[in-house]
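Hi,

Here is the structure I promised to pass on. Have a look at it first, and my notes follow below.

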Amino acid sequence: MAERKNTEFNRPGGYAMPTGATALQARDAKSYLDADIRLFGDAVDAHTPKKPRSLKPKHETKNPHTQVIIGDCRDVLAHLPSKGDVDLIFADPPFNWDVPYENWDDGMARREYERFTFDWLDGCIDALAPHGSLWVNIPDDTAAEIVVHLKRRGLTMINWCVWHFRFGQNRSSSFIMSKVHALYFCKNSATRIWNGDDILELSDRAAIYSDPRTMAKDTNKGMRVPMDVWYGKYWGRIQGNNKERRHQHHNQIPEVYLERVIKACSNEGDLVLDPFLGSGTTCTVARALKRRSIGIEYSAVNAKSAWERITKVGMIQRDSTGPQSSAIFEPRRTKRTALATDQDA
Ligand SMILES: C[S@@+](CC[C@H](N)C(=O)[O-])C[C@H]1O[C@@H](n2cnc3c(N)ncnc32)[C@H](O)[C@@H]1O
């Protein structure tokens, strides 16, 4: 029997749930709170936050207020003066891949690493304002555990984005890794900050097909909110002689990635926090976009280098990225556009 289309479902947004997805996720978020979900890291005692030797930022400047605090983010987050007031957190933790971070063990036993992950996630949840958003950059091996932990803590998942890069590390015994997950959660989907208009890109309809219907729209002609897989010019892994590269730092994230997150989920003057500052990408971009920011970093050496970038180098790609197209096909020359172009010539 031929498949019948269901025309009677009552799902806001229809099959693809373009608007209804968030409402469903928010409804489900509450029911997770009562669930008894156990993960491997739960077997280890939670970290007891120590009062950091000093909460006074090691580096600080005004207009907009930007601070770098040195310490273990699990301790700093617990004692942060602005706890409960942070509008946006972006976290790019160590992945436990044996990277030689200064003074930091990046090769913990798996359950210790999970416990560490839950501890800093809990610190972030407490630091966030009730309308705040939390983004986590994480590869395949820990993405699922983070999603489940944030769900069991009652947060709503808004998007599970993927940052796709073409220049992954070569391997031959399995597929080459070419992505990291960008997980977008919030405390309250109804009050979260969302500036879709500030991050528009050229739609495929406009870029490939020159479709007149998209140009006839009342708003955002030829433009759309980007899809949830992110790639393109300036979106590669930062390495070698990339203009924005900061030497001696591991796993530096592209500025365009933070630009999209910060523009979409905060407003000018808002407070953005990064618990794993690294080379300082988050605070550098936040400052360029007139947001206040706090970076937490375990290594004093990294913090010093990040501060130099934040205050002296600044955002490098700012003016090179306008609204781009992420289309993967060349523009098609339709009869209509070909005719118009020939007549114009
Ligand atoms: C993956 S890197 C962050 C890279 C950053 N997103 C960037 O674009 O440069 C992780 C950073 O977290 C720092 N770190 C590791 N454990 C930490 C902890 N418990 N608290 C604060 N920072 C920590 C490391 O020293 C390293 O600089």
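Before the rest, two housekeeping points. This is a predicted model, where local features need pLDDT of at least 70, side-chain atom pairs count only at pLDDT 80 or more, and totals for chains, interfaces and linings use all residues. Residues are numbered from 1 along each chain as its sequence is written.

Most residues other than glycine have a negative phi, and most peptide bonds are trans. Ser210 has a positive phi near 45° and sits in the loop between α5 (204-207) and α6 (212-215). Helices (H or I, at least four residues) and strands (E, at least two) are DSSP runs, numbered from the N terminus. Lys290 is not a glycine either, yet its phi is positive at about 65°. You'll find Lys290 in the loop between α8 and β11 (292-297), and it is exposed, with 12 other C-beta atoms within 10 Å. There is also a cis peptide bond from Asn63 to Pro64, with omega near -10°; Pro64 lies in the loop between β1 (59-61) and β2 (66-70).

**The sheet**

Nine strands make an open sheet with mixed pairing, in the order β1-β2-β11-β10-β3-β4-β6-β5-β9. Strands count as paired if DSSP finds at least two bridges between them. β1 and β9 are at the edges with a single partner strand each, so one side of each has no neighbour in the sheet. β1 and β2 run antiparallel and are joined by three bridges, with His59 opposite Val68 in β2. Helix α9 (residues 300-313) packs on the sheet, where it touches β1, β2 and β11, and its direction makes about 170° with that of β2. Axes here are lines fitted to C-alpha atoms, for helices over the stretch in contact, and angles run from 0 to 180 degrees between N-to-C directions. Contact means that the C-beta atoms of two residues, placed from the backbone, lie within 7 Å.

Helix α3 (residues 110-127) has 18 residues and should span 26 Å at 1.5 Å a residue, which agrees with its end C-alpha atoms being 26 Å apart. The expected span is 1.5 Å times one less than the number of residues. Its buried residues, including Trp120 and Ala127, pack against α2 (73-78), β3 (86-91), β4 (128-138), α4 (140-152) and β10 (271-274). Ala127 has 24 C-beta neighbours inside 10 Å. Ala127 and Leu273 are 146 residues apart in sequence, but their C-alpha atoms are 9.1 Å apart.

In helix α7 (residues 255-265), 10 of the 11 residues are buried, so it is largely enclosed by the rest of the structure. Those buried residues pack against β3, β4, β5 (156-164), β9 (229-230), β10 and α8 (281-288).

**The ligand**

Which residues come nearest to the ligand? Of the 22 around it, they are Asp92, Phe276, Gly278, Ser279 and Thr281, where "around" means a C-beta atom, placed from the backbone, within 6 Å. The shell has nine nonpolar, nine polar and four charged residues. Ala, Val, Leu, Ile, Met, Phe, Trp, Tyr, Cys and Pro count as nonpolar, Asp, Glu, Lys and Arg as charged, and the others, Gly among them, as polar.

Cheers

Definitions and conventions. Buried ≥ 20, exposed ≤ 12 C-beta atoms within 10 Å, placed from the backbone.
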